Amino acid sequence: MTPRVKEILSWYESDNPGVRTNLARMLNHGTLAGTGRFVILPVDQGFEHGPARSFAPNPPGYDPHYHFQLAIDAGCNAYAAPLGFIEAGAATFAGEVPLILKLNSHESLLSDKDPISVQTGSVNDALRLGCCAIGYTIYPGSNLAGEMYEQIRDLAEEAKAAGLAVVIWSYPRGSSLSKDGETAMDVAAYAAQIAAQLGAHIIKVKLPTAHLEQDAARKVYEKEKIPVGTLSERVRHVVQSAFAGRRIVIFSGGAKTADAELLEQAKAIRDGGGFGSIMGRNAFQRPKADAVKLLHSIMDIYKS
Amino acid sequence: MTPRVKEILSWYESDNPGVRTNLARMLNHGTLAGTGRFVILPVDQGFEHGPARSFAPNPPGYDPHYHFQLAIDAGCNAYAAPLGFIEAGAATFAGEVPLILKLNSHESLLSDKDPISVQTGSVNDALRLGCCAIGYTIYPGSNLAGEMYEQIRDLAEEAKAAGLAVVIWSYPRGSSLSKDGETAMDVAAYAAQIAAQLGAHIIKVKLPTAHLEQDAARKVYEKEKIPVGTLSERVRHVVQSAFAGRRIVIFSGGAKTADAELLEQAKAIRDGGGFGSIMGRNAFQRPKADAVKLLHSIMDIYKS
Amino acid sequence: MTPRVKEILSWYESDNPGVRTNLARMLNHGTLAGTGRFVILPVDQGFEHGPARSFAPNPPGYDPHYHFQLAIDAGCNAYAAPLGFIEAGAATFAGEVPLILKLNSHESLLSDKDPISVQTGSVNDALRLGCCAIGYTIYPGSNLAGEMYEQIRDLAEEAKAAGLAVVIWSYPRGSSLSKDGETAMDVAAYAAQIAAQLGAHIIKVKLPTAHLEQDAARKVYEKEKIPVGTLSERVRHVVQSAFAGRRIVIFSGGAKTADAELLEQAKAIRDGGGFGSIMGRNAFQRPKADAVKLLHSIMDIYKS
Amino acid sequence: MTPRVKEILSWYESDNPGVRTNLARMLNHGTLAGTGRFVILPVDQGFEHGPARSFAPNPPGYDPHYHFQLAIDAGCNAYAAPLGFIEAGAATFAGEVPLILKLNSHESLLSDKDPISVQTGSVNDALRLGCCAIGYTIYPGSNLAGEMYEQIRDLAEEAKAAGLAVVIWSYPRGSSLSKDGETAMDVAAYAAQIAAQLGAHIIKVKLPTAHLEQDAARKVYEKEKIPVGTLSERVRHVVQSAFAGRRIVIFSGGAKTADAELLEQAKAIRDGGGFGSIMGRNAFQRPKADAVKLLHSIMDIYKS
Amino acid sequence: MTPRVKEILSWYESDNPGVRTNLARMLNHGTLAGTGRFVILPVDQGFEHGPARSFAPNPPGYDPHYHFQLAIDAGCNAYAAPLGFIEAGAATFAGEVPLILKLNSHESLLSDKDPISVQTGSVNDALRLGCCAIGYTIYPGSNLAGEMYEQIRDLAEEAKAAGLAVVIWSYPRGSSLSKDGETAMDVAAYAAQIAAQLGAHIIKVKLPTAHLEQDAARKVYEKEKIPVGTLSERVRHVVQSAFAGRRIVIFSGGAKTADAELLEQAKAIRDGGGFGSIMGRNAFQRPKADAVKLLHSIMDIYKS
């Protein structure tokens, strides 16, 4: 147990030993074991975007076993997916990689301005499948956000009592926000704060832009001269917004991005005090050897 | 236990022995026993379309006993129906054919753009009636799809814990989809993926056309040159979209169809790697002897 | 136990002895005991239409004891009413007539195009009050029909487990139907089918007209030449639509009708294979002696 | 135990001894003990109309202890109030006056055409606070009436099992009714019937006018020549509509009224066979000595 | 135990010793221990307004430990915050300051005319984190107020049974109210009454203006000449409206205010018989030493 892992675990002072053990399992697994940094492989795009959009660029990805093996080969800290994908491989790969069961999902056949992600797995599922954590998406800014807050509250209480860690994907969306607002600096910081206040152990947000969405917030950013000009400054502000760094915050990149940019993003995450990356499409939509190489390059940045 | 059945059962690696036993019961029953192929008789049209539209073309079908006997005489792997129909024959035909209790139903007196199928049976009903599986319909694309996803999630968790298999009818419908979109290639593949991610053991979809409904999907199909020109190619793509063939996918034909076309469809299902057919109106809306003959012709294709 | 009663009980093959016992209690009670026919007295109009519209034509009917005594004097198979009416007499008349506790009610102060009948009694109430059955109204065709289907499903499961019979009043209403459609032939047959599929032991529908409401159904009635010209033919088709006669179907007349017509209706019900009548306003809105006389005339028809 | 009290208790023939005991406690308490008549003090106006509108005319009424003492000093049969008011005095005045815990409340900050009164207390609260009964308001005619019917059904079942009496305030309101319709003769009678059918032991309605609201009802009132010209006739018809007098029906006057009129109303209630008054603002919005004097005058009428 | 504290505890006559013990813990903690006065530090603005708007003016406030220490250093009676903030420090500061777990939260990314604050913590959370009380916000006047009343009713019943005190933030908002109406005299008094009737032990309202919002109320204020011209008169009227002073009522100031005005407000609260202040942004948005100094100045006023 490295001092850094011990320090991180100390922040979760109200959690039982079961939760701390599962956080430690993820912190101490894979290439980044012991560093306090994370690279997580999430594969929920089959449900979120459809199978062809997700897996046709690299057809072995249609097979759920592929992603377990990719996470293992790359030395990721954890692999996250919905019920069906986890059920299809949890026994074959039992004990080889920490698992996060994604408990809610949203499909894109619907054209919904105020989205809601509905429950598709349970805490009991996570336990019977040997997972370390539950995952849950909230959409701050959606008219239906309150339903998701209440549902994750219920699930998080149940998960914590069972010794499972809680990972919240906090993705601002909804009719109250502009398209740019979904990744605005103030909104991203707010999204991190909401997830932290809801009791998340690990928070996943998108990398923010320098855009400021809300008038009331913009005035404060300008008056207090909060530095948000560079990506690393923005990462630092998001981490600050998640209890001054007392909660693990990891960042996602979104759609397919050039490798050079991904590496620059990782450097900014590292320099801004972020805890790492969660990388899906940029990992599984290329041949496995290439994906492992890319993920190792990113891990090298986090180790440096 | 044939090697093929053992192989299929191995895919359900997270399920308890009870579930695997019930899957085996269906795989090892009837004319196609041991082949890994399915022909299932579903009779929920009385609730879905009304009695006269369903049974007047072959009036013995008004009697629930008729369908049990038809499934037995034809050697179907299983017979699926709602509560009332199963209750009316489960004791008389106990042990003669695996039963799937359809747990939700939708009536067509309502003119609803965004349909929901409501719960009309329970897991306890399935257990007390000696069924091997529960069946449930989802309508991906309906504004009310989320309610159905959450309900089948609850029911599936309960069913799996009780050793019952879970069969999902995944029928895209709703105001977000065009009429052609309901059977579009991309939508059918997506529907299969959603059912698989929800934890279905057996997935039932309609045979898709070559139409592509969603812009974001069409770009991928064209860019990646996914072959969907022939029916067997489309079947193959749907099976691929259900975890690269790790889940049983069966296909329905829909309304009454010429026999020659039905046989062609069965060949395409077989050639595309599909696991079989679920055939209702084409079976029970003709005299029983004719129905048995047709079903045997289809089974012959699956055995070849 | 007459052969006919034994035959009828044999149709309920999935029910426990408790349910069959309560069905037998109704089949073997009163003037029609042993015949397999029913005349049931229902008095839920106080809630449904208001007290004056219901009882002013025969004021003794304001008193709940009146209706128990009427059902007893006339030799009805059962008396059905909501919670308040049953509570007000269940001890005084304990054991003198089988009781059906009507578990939901609808008031007519509201002007609702898509009605819902809400729960006003429970299975526990039925048990503590010594009832043989629960009663429940569904409105197929209402936008809120699904809520009622799910509620009666819950209640029916609970009732059956407790050995109570389940009686469903299936009354098509709602914005999807024309006024004529509420009693159309196709709709009435569909309503009987839905109640049967929901697991009802006894189904109550209105006597249908020859009108055909739904285009898709009309085509089938015309193509298959389903005979629906006479009232007895229409009764026969409704009974056929309730599992080819494997479920008890009884018919209501509705508002006050001339006696001669009521007797003609009873003959048509008898000739069409219907199981009897449920008669409220035509019974309790006249002096008791007259009512007993009328009910006996109807029973005479069913005995002949 | 007077013969009249014994007679009244005999009407509640399906209730357990606990409920009958609590009914007897109210019937045998205070100035009207043993007469079968009631004067109840209800103080829920603080929640319903706001504190100043309720208590500024007689400021000692801001103090919850005031109302307990008023009910005791006047010899009321019972005191009814919401959770906060009862909690604030139940220990000080334990055993001195029967208490009715009002379980739902409606605030008038909202401008709602179809009101709903929401649950603000529980059966467990009533038990731990030593109450004899629960109170609950329904708004027949509101689009949300069904929600209230289902809630009071749940609560009444729980209360009766625990030996508590059930008092229903039945106040027609909602977009289906005209303002005059809220106190129309037909509507008031209907409101009493609904409360009785829901299983209320004691029913509280407003004194009706001679107005007839619903066309279908008016025809019957006119055809059957139901006498509703005088207030006592209207009271008699409401009592008749509550199971021909087998349920206790009490009447409220509403807003502040001249004393002479209040006494006239009490005489009409008495002459029409009503069971008494529930009097709030006319009691607590004047000095206590005056209020006691008025209440005694009313009680004198009921004793005569 | 001072006589004043004993007196205050005597008002909670229906509460169990556990609740009274927790009220005593807050009354007997910090600088104002034993005086019957309160200064509470609430920090829920991170969730309500976002992190930068809340904490950028004094960045140490991003750290949840900061606020525990501030409450301790200033000698506040209690510290109130949502789940995440409490979890992040409850073990480090165990036993050093009474805690109030805020059980519901509202985010300001949404533009909602009729707001609802959703549940984000539970009674079990409050117990496992060592809290003395639960906190809950209601929005009287919102179309969704009823949902909050029913939720706090459930939570309060559970909390009281577990010996926790109940603090209600009563903030009028919603489409039925004008902006001025949210802090109007009549509305503030009504808000205090509603919280008291819901069973709150401690009520938090905003300092009211002399504006009168509702016509029906204005008539009474004018007719009865209720004195509301000065702030201390308005405080007195609010306290009167909370059961004539039998419930602890504390006041919030809202947004950042000049110190001189804050001290004037405290004097008015004291002179009007208020029980103290709940002060968030005016405390934590300045350097800690300044905040402690300000809070001590306010406490000095309450001690005088």
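Which residue of chain E comes closest to the rotation axis? Glu147(E) does, with its C-alpha at 11 Å. The model discussed here is a predicted one.

**Symmetry of the copies**

Chain E can be superposed on chain A with an RMSD of 0.0 Å, using a turn of 72° and a shift of 0.0 Å along the axis. The two copies are thus related as by a five-fold rotation axis. For chain E and chain D, the superposition likewise takes a turn of 72° and a shift of 0.0 Å along the axis, and the RMSD is 0.0 Å.

Some pairs of chains do not meet. Chain A and chain D do not touch, and their nearest C-alpha atoms are 20 Å apart. Chain C and chain E also have no contact, the closest C-alpha atoms lying 20 Å apart.

**The two interfaces of chain E**

Chain E has an interface with chain D and another with chain A. The table sets out their values.

| Quantity | Chain E and chain D | Chain E and chain A |
|---|---|---|
| Residues in contact | 38 residues of chain E, 42 residues of chain D | 42 residues of chain E, 38 residues of chain A |
| Buried area | about 3,200 Å² | about 3,200 Å² |
| Share on carbon and sulfur atoms | 57% | 58% |
| Salt bridges | three salt bridges | three salt bridges |
| Polar contacts (both residues at pLDDT 80 or more) | 20 residue pairs | 21 residue pairs |

*Chain E against chain D.* In this interface, 38 residues of chain E are in contact with 42 residues of chain D. Glu13(E), Tyr190(E) and Gln197(E) supply 22% of the area that chain E buries against chain D, which is more than any other three residues. Of the three salt bridges counted between the chains, one joins Arg153(E) to Asp125(D), with the closest N and O atoms 3.8 Å apart. On the side of chain E that touches chain D, at least two residues come from each of α8 (145–161), α9 (185–197), α10 (215–223) and α11 (231–241) of chain E.

*Chain E against chain A.* Here chain E contributes 42 residues and chain A contributes 38 residues. Phe47(E), Tyr62(E) and Leu109(E) supply 22% of the area that chain E buries against chain A, again more than any other three residues. Among the three salt bridges found across this interface is the one between Arg153(A) and Asp125(E), whose closest N and O atoms are 3.8 Å apart. The elements of chain E that give two or more residues to the side touching chain A are α3 (45–49), α4 (51–55), α5 (64–74), α6 (83–87), β5 (118–119) and α7 (123–128). The largest share of that side, five residues, comes from α6(E).

An α-helix has 3.6 residues a turn, so residues three or four places apart point the same way. Two helices of chain C can be read with this in mind.

*Helix α1.* In α1 (residues 3–10) of chain C, the residues Val5(C), Ile8(C) and Leu9(C) are buried. They cover an arc of only 100° around the axis, which puts them on the same side of α1(C). Pro3(C) and Lys6(C) are exposed, on the face of α1(C) turned away from its buried side. What do the buried residues of α1(C) pack against? Their partners are α2 (17–27) and β9 (248–252), both of chain C.

*Helix α10.* In α10 (residues 215–223) of chain C, the buried residues are Ala217(C), Val220(C) and Tyr221(C). Seen down the axis of α10(C), they fall within an arc of 100°, so they line one face of the helix. Lys219(C), Glu222(C) and Lys223(C) are exposed on the other side of α10(C).

Which elements do the buried residues of α10(C) pack against? They pack against α9 (185–197) and α11 (231–241) of chain C, together with α4 (51–55) of chain B. The buried face of α10(C) therefore lines one side of the helix and has packing partners in chain B as well as in chain C. After α10(C) comes Lys225(C), whose phi is positive, near 50°.

Notes:
Residues are numbered from 1 along each chain as its sequence is written. Chains are lettered from A and ligands numbered from 1 in the order in which they are written. This is a predicted model: local features need pLDDT of at least 70, side-chain atom pairs count only at pLDDT 80 or more; totals for chains, interfaces and linings use all residues. Side-chain values use heavy atoms; hydrogens and water are left out. Buried means under 20% relative accessible area, exposed over 50%, partly exposed in between (1.4 Å probe, protein chains only). Helices (H or I, at least four residues) and strands (E, at least two) are DSSP runs, numbered from the N terminus. The arc is that of the directions from the helix axis to the C-beta atoms. Contact means heavy atoms within 4.5 Å. Copies are superposed by least squares on the C-alpha atoms of residues with pLDDT of at least 70 in both. Buried area is the accessible area (1.4 Å probe) that two parts lose on being put together, summed over both. A salt bridge is a side-chain nitrogen of Lys or Arg within 4 Å of a carboxyl oxygen of Asp or Glu. A polar contact is a pair of N or O atoms within 3.5 Å; within protein, one must be able to donate a hydrogen and the other to accept it, and residues adjacent in sequence count only if both atoms are side-chain atoms.
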